[in-house]
Amino acid sequence: FDRMFIQVCLYFYCKCLWRCMKFVVRKLTGRCELQRICYNTKPGAARTMKIEASLKGSKSKRLQTSVSVHPDAIEKTIDDIMELKKINPDINPQLGVSLQACLLQIVGYRNLIVEVEKLRREPYDSENPQHEEMLLKLWKCLKPNSPLKARISKQWCEIGFQGDDPKTDFRGMGLLGLYNLVYFAEWDTEVAQQVLSDSLHPKYREVTKKELSQLSKAEWEKKKFDKAIGYSFAIVGINITDLAYNLLVSGALKTHFYNVAPEAPTLTHFQQTFCYLMHEFHKFWIEEDPLDIMEFNRVREKFHKRILKQLQNPEMALCPHFAASESLINM
């Protein structure tokens, strides 16, 4: 009880102290917190995340709800914020522009989660012509020189599905998994085909002297003579979709999206991020050189932690290495 009482007292003390400090700083600088953030922090994730935290932490309900307005109401919301904060827009014209850019990103991120969740919840329906068309497009992009002999076929295993009918493999991520795979195969075809080829025919890698010194005799024998381990391309793609989805929902991808999307992040930004993660996971899998496929979850978790660590840097943008994201590089 004493510990809880002290924590409550500290909470209220810090909260009151923080508000007092904000009041004093405003009096000294003549600027509110939103002004100080916009004028002292460069555009990107650092600024947008500070603006988001400031609005959410405000004692004003109007400011708290401004992060969840409809995109069409953002201009009116900016006017309300300026009025509430007693900021003259004629004297501070750039402030409105900066706040609008930040709110577009904040609201856009929330809407993107809704859009992605909707796709994830929609199951693959083999009776839906659009679903079937997308699935066949995936095959044509990855295997342009090998016609599919039948809709239900063992050939699907050639691109990493588990059985004769891929629809059963989409259960976990719904249409989102198919959307991502098709985007990767269609817009970054060369890389997608190379990753598929490597997953089917992994290249043997010699064990270096340094690695040899760190391995037991049994491990060395296994690595020396066993074929390098591949993986199921499509199944891994659905698994990486799950990883990208969790990064999005947890808010970890805010750093990346706020740095690369000048306005609202879209589904295309999410799919480009998936392409990047697929490419990077493939390289990471080769670097890790697992003993067998049973190590997949360990490698995936290690890769997940690496990406999370990168995204903790407010200046981080997941630098794309694929054609689909060339437009982002130039932003």
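**Close-up 1. Packing of helix 2 against helix 6 in the predicted model**. Helix 2 (residues 33-40) packs with helix 6 at an angle of about 85 degrees, and their axes are 10 Å apart. The two helices are therefore roughly perpendicular to each other, a term for angles of 65 to 115 degrees. Leu34, Gln35, Cys38 and Tyr39 of helix 2 meet Leu95, Ser98 and Leu99 of helix 6. By class, this contact of helix 2 with helix 6 comprises five nonpolar, two polar and no charged residues. Here Ala, Val, Leu, Ile, Met, Phe, Trp, Tyr, Cys and Pro count as nonpolar, Asp, Glu, Lys and Arg as charged, and the others, Gly among them, as polar. Contact means heavy atoms within 4.5 Å. Axes are lines fitted to C-alpha atoms, for helices over the stretch in contact, with angles from 0 to 180 degrees between N-to-C directions. Helices are DSSP runs (H or I, at least four residues), numbered from the N terminus. Residues are numbered from 1 along each chain as its sequence is written. Local features need pLDDT of at least 70, side-chain atom pairs count only at pLDDT 80 or more, totals for chains, interfaces and linings use all residues, and side-chain values use heavy atoms, with hydrogens and water left out.

Close-up 2. His282 is buried, with a relative accessible area of 6%; buried means under 20%, exposed over 50%, and partly exposed in between (1.4 Å probe, protein chains only). A polar contact of 2.6 Å joins the side chains of His282 and Tyr231. Such a contact is a pair of N or O atoms within 3.5 Å; within protein, one must be able to donate a hydrogen and the other to accept it, and residues adjacent in sequence count only if both atoms are side-chain atoms. Not counting residues up to four places away in sequence, His282 touches Val195, Asp198, Ser199 and Tyr231.

**Close-up 3. Ile235 in helix 12 (residues 233-250)**. Ile235 is partly exposed, with a relative accessible area of 23%. Ile235 and Phe161 are 74 residues apart in sequence but 6.0 Å apart in space, C-alpha to C-alpha. Beyond four places away in sequence, Ile235 touches Gly160, Gln162 and Asp169.

**Close-up 4. Positive phi at Lys86 and Asp289**. Most residues other than glycine have a negative phi. Lys86, in the loop between helix 5 (74-84) and helix 6 (93-121), has a positive phi of about 55 degrees. Asp289, in the loop between helix 14 (267-288) and helix 15 (296-311), has a positive phi of about 50 degrees. Lys86 is exposed, with a relative accessible area of 73%, whereas Asp289 is buried, at 18%.

Notes
Angles under 35 degrees count as roughly parallel, over 145 as roughly antiparallel, 65 to 115 as roughly perpendicular and the rest as oblique.
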